[in-house]
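Reader: Hi, I have a new structure open. Can you walk me through it?

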Amino acid sequence: MDKPVTEAPPGAAPVAGGEEPAGAEERRRRHGVHADVCGHIRNLIVHGELASGERINELGLSEALGVSRTPIREALKVLAAEGLVELLPNRGSRVTTPSTDEIVNLFAVIAALERLAVETVTLQASAPALARLRALHDEMLRRYAEGDRDRYFELNHRIHETIIEMADNPQLSRTHADLMTRARRPRFVAITSDGRWDESVKEHELVMSAMELRDARFAGEILFRHVLKTGTAYIQSLAAASKG
């Protein structure tokens, strides 16, 4: 005897091969727009096209991106949570201007986390894993030689993230990711400045060589100082800009 057909309860997920719930495609589209808008504004801040302390023109961004002001405002809430934007009650928003103490404290914690990670990776990573890190490093050096600051910075960021991932410590990864979001703008300004760029490349080469030699203590010490110097370079750049 055929089994009676029963209806799925309201709100139940569709069975495999069934139709998607109404509005699923629209929600995906809206999520994609939100992510694109958020990424665009984030890049404007990181690359200095929206300067520290600058008021954010929601209408201008809306017109430039061809979207309504709703996704702009949603994106600004996310960026505020990341520490990149300050929301002003009834007055819009502006790019945050971190204090010297905030920058010092931020980079001190990142430096400590990365020292722990690189020491762990140097002792435990397989030879193929280190070879993949070396490949990223060599590609970063090529971009440095070409003077491609944007691509260099992206590869530099990936190297730092990769070392964290290789440490295989979820709590470390979560904490580091949150702090690196807040440090992305200062890191771009500092690392791609003329004097610090050259110095940073040399430090990265020392770290990579120490890792390949399995010298965990030296790799940790160099990376720790490298991150602290980047924070210091950003503070110096702000001081120079204020005098100029």
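Predicted model: local features only at pLDDT ≥ 70, side-chain atom pairs only at ≥ 80, totals over all residues.

Reader: Okay. How many helices and strands does the protein chain have?

Author: There are 9 helices and 2 strands in the protein chain. Along the sequence they run α-α-α-β-β-α-α-α-α-α-α.

Reader: What share of the residues in the protein chain is buried?

Author: Of the 244 residues, 38% are buried. Take the contacts with a separation of 6 or more: 74% of them join residues 24 or more positions apart.

Reader: Now the inside. How many residues are in the largest nonpolar core?

Author: That core has 43 residues. Ile110, Val118, Val121, Ile163 and Met211 have the most contacts inside it. At least two residues each come from α4 (100–124), α5 (127–146), α6 (149–166), α7 (170–191), α8 (194–212) and α9 (216–243).

Reader: Which helix gives the most to this core?

Author: α4 does, with 9 residues.

Reader: Back to Ile110. What is Ile110 in contact with, leaving aside neighbours within four places in sequence?

Author: Ile110 is in contact with His176, Leu179, Met180, Ala183 and Val227. Another core, of 16 residues, lies apart from the largest one. Val37, Leu50, Val67 and Leu84 are among its residues.

Reader: New topic: the strands. In what sense do β1 and β2 pair?

Author: They pair in the antiparallel sense, over 4 bridges. β1 covers residues 85–88 and β2 covers residues 92–95.

Reader: Which residue stands opposite Glu86?

Author: Arg94 in β2.

Reader: And what is in the hairpin, between the strands?

Author: There are 3 residues between them. In this hairpin, Asn90 takes a positive phi near 60°.

Reader: Where else is there a positive phi in a residue other than glycine?

Author: One case is Arg214, with phi near 60°. Arg214 sits in the loop between α8 and α9. Asp168 is not a glycine either, and its phi is positive, about 55°. Asp168 belongs to the loop between α6 and α7.

Reader: Asp168: buried or exposed?

Author: Asp168 is exposed, because its relative accessible area is 64% and the cut-off for exposed is over 50%.

Reader: Then why does Arg214 count as partly exposed?

Author: Arg214 has 34% relative accessibility. Buried would need under 20% and exposed over 50%, so Arg214 falls in between.

Reader: Let's talk gaps. How many cavities of 30 Å³ or more are there?

Author: The count is 2.

Reader: Which residues line the largest cavity?

Author: Leu133, His137, Ile159, His160, Ile163, His204, Val207, Met208, Met211 and Leu223. α5, α6 and α8 each give two or more residues to this lining. The largest share, 4 residues, is from α8. By class, the lining of the largest cavity has 7 nonpolar, 3 polar and no charged residues.

Reader: And what about the lining of the second largest cavity?

Author: Phe107, Ile110, Glu114, His160, Met180, Arg187, Ile191, His226, Val227 and Thr230 line the second largest cavity. Here the elements giving two or more residues are α4, α7 and α9. The classes are 5 nonpolar, 3 polar and 2 charged residues.

Reader: What is the volume of the largest pocket?

Author: About 260 Å³. It is lined by 15 residues, and Gly83, Thr96, Pro98, Glu102 and Arg182 are the closest to its centre. α4 and α7 supply at least two lining residues each. The lining has 8 nonpolar, 4 polar and 3 charged residues.

Reader: One more residue. Where is Ser200 found?

Author: Ser200 is in helix α8.

Reader: Why does Ser200 count as buried?

Author: Ser200 has 0% relative accessibility, so it counts as buried, with the cut-off at under 20%.

Reader: And what does Ser200 touch, not counting residues up to four places away in sequence?

Author: Ser200 touches Tyr152, Asn156, Ile191 and His226. From Ser200 to Val227 is 27 residues in sequence and 9.3 Å in space, C-alpha to C-alpha.

Note on methods. Residues numbered from 1 in each chain as written. Heavy atoms only, no water. Core = buried A, V, L, I, M, F, W, Y, C linked by side-chain atoms within 4.5 Å. Buried < 20%, exposed > 50% of the residue type's maximum accessible area, 1.4 Å probe, protein only. Contact = heavy atoms within 4.5 Å. Pairing = 2+ DSSP bridges. 1 Å grid on protein atoms, 1.4 Å probe; cavity = no way out; pocket = protein on both sides within 12 Å on 5 of 7 lines; lining within 4 Å. Points joined across faces, edges and corners; volume = space filled by probe spheres on them. Nonpolar A, V, L, I, M, F, W, Y, C, P; charged D, E, K, R; others polar.
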